[in-house]
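Work through the exercises below with the model open beside you. Try each task before reading its solution.

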Amino acid sequence: MVYGTSYFQSRQDAVRYYSVLGFKPADVEEMIKKGVIHIGKPSGLNSLRRAVLHNDQGRSKRYFIHEDQQ
């Protein structure tokens with residue numbers, strides 16, 4: 001299973017992603033401060049649950065979770 005997260009490689013990637021949706025950089029900074037989105041790799045990873053960077057909208061890079069099912 002693969003699914004997107006609210007984790008981005010950098011602030012610039014978050015701004016690129018959300019600018020396509022009409023958000024301004026200040027809006028993105030506020031979402032980061034409130035914990036709506038995050039910068040850096042997600043926690044809770046293991047050999048069956050990996051975070052992988054994917055190219056996403058606005059030329060951003062966003063972490064997706066790849067889960068292997070046993």
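## Exercise 1: Fold and size

The protein chain has two helices and four strands. These elements are DSSP runs numbered from the N terminus, with helices (H or I) of at least four residues and strands (E) of at least two. This is a predicted model, where local features need pLDDT of at least 70, side-chain atom pairs count only at pLDDT 80 or more, and totals for chains, interfaces and linings use all residues. Residues are numbered from 1 along each chain as its sequence is written, and side-chain values use heavy atoms, with hydrogens and water left out.

**Task.** State the order of the elements and the box that the C-alpha atoms fill.

**Solution.** 
1. The order is β-α-α-β-β-β.
2. Take the principal axes. The C-alpha atoms fill a box of roughly 40 × 20 × 15 Å.
3. Turn to contacts (heavy atoms within 4.5 Å). Among those with a separation of 6 or more, 51% join residues 24 or more positions apart.

## Exercise 2: Burial and helix H1

**Task.** Find which residues of H1 are buried, and what they pack against.

**Solution.** 
1. Apply them to the chain. Of its 70 residues, 27% count as buried.
2. Go to H1. Asp 13, Ala 14, Val 15, Tyr 17 and Tyr 18 are buried there.
3. Trace their packing. The partners are strand E1 (2-8), H2, strand E2 (38-39), E3 and E4.

## Exercise 3: Salt bridges

**Task.** Count the salt bridges. Then place the pair Glu 67 and Arg 49.

**Solution.** 
1. Apply the rule: a side-chain nitrogen of Lys or Arg within 4 Å of a carboxyl oxygen of Asp or Glu. The count is five.
2. Take Glu 67 and Arg 49. Their side chains form a salt bridge at 3.2 Å, N to O. Glu 67 is in strand E4 (residues 60-67) and Arg 49 in strand E3 (residues 49-56), so the pair links distant parts of the chain, 18 residues apart.
3. Glu 67 is partly exposed because its relative accessibility is 24%. Arg 49 is partly exposed too, at 23%.
4. Move to Arg 50 and Asp 68. Their closest N and O atoms are 3.0 Å apart in a salt bridge. Arg 50 lies in strand E3 and Asp 68 in the segment after E4, so parts 18 residues apart in sequence are tied together. Arg 50 is partly exposed at 33% relative accessibility, and Asp 68 is partly exposed at 40%.
5. Asp 56 is partly exposed at 22%, whereas Arg 62 is buried at 13%.

## Exercise 4: Surface and chain end

**Task.** Which residues make the nonpolar surface patch, and is Gln 69 buried or exposed?

**Solution.** 
1. Total the surface. The chain exposes about 4500 Å², with 49% from carbon and sulfur atoms.
2. Locate the patch. Val 20, Leu 21 and Phe 23 make about 260 Å² of it. Patch residues have over 30% relative accessible area and no salt bridge; nonpolar side chains (Val, Leu, Ile, Met, Phe, Trp, Tyr) are joined within 5 Å, like charges within 9 Å.
3. Finish with Gln 69, in the segment after E4. Gln 69 is exposed, at 59% relative accessible area. From Arg 11 it is 58 residues away in sequence and 32 Å away in space, C-alpha to C-alpha.

Methods. Areas by Shrake-Rupley, 256 points an atom, 1.4 Å probe, with all protein chains shown as cover. Buried < 20%, exposed > 50% of the residue type's maximum accessible area, 1.4 Å probe, protein only.
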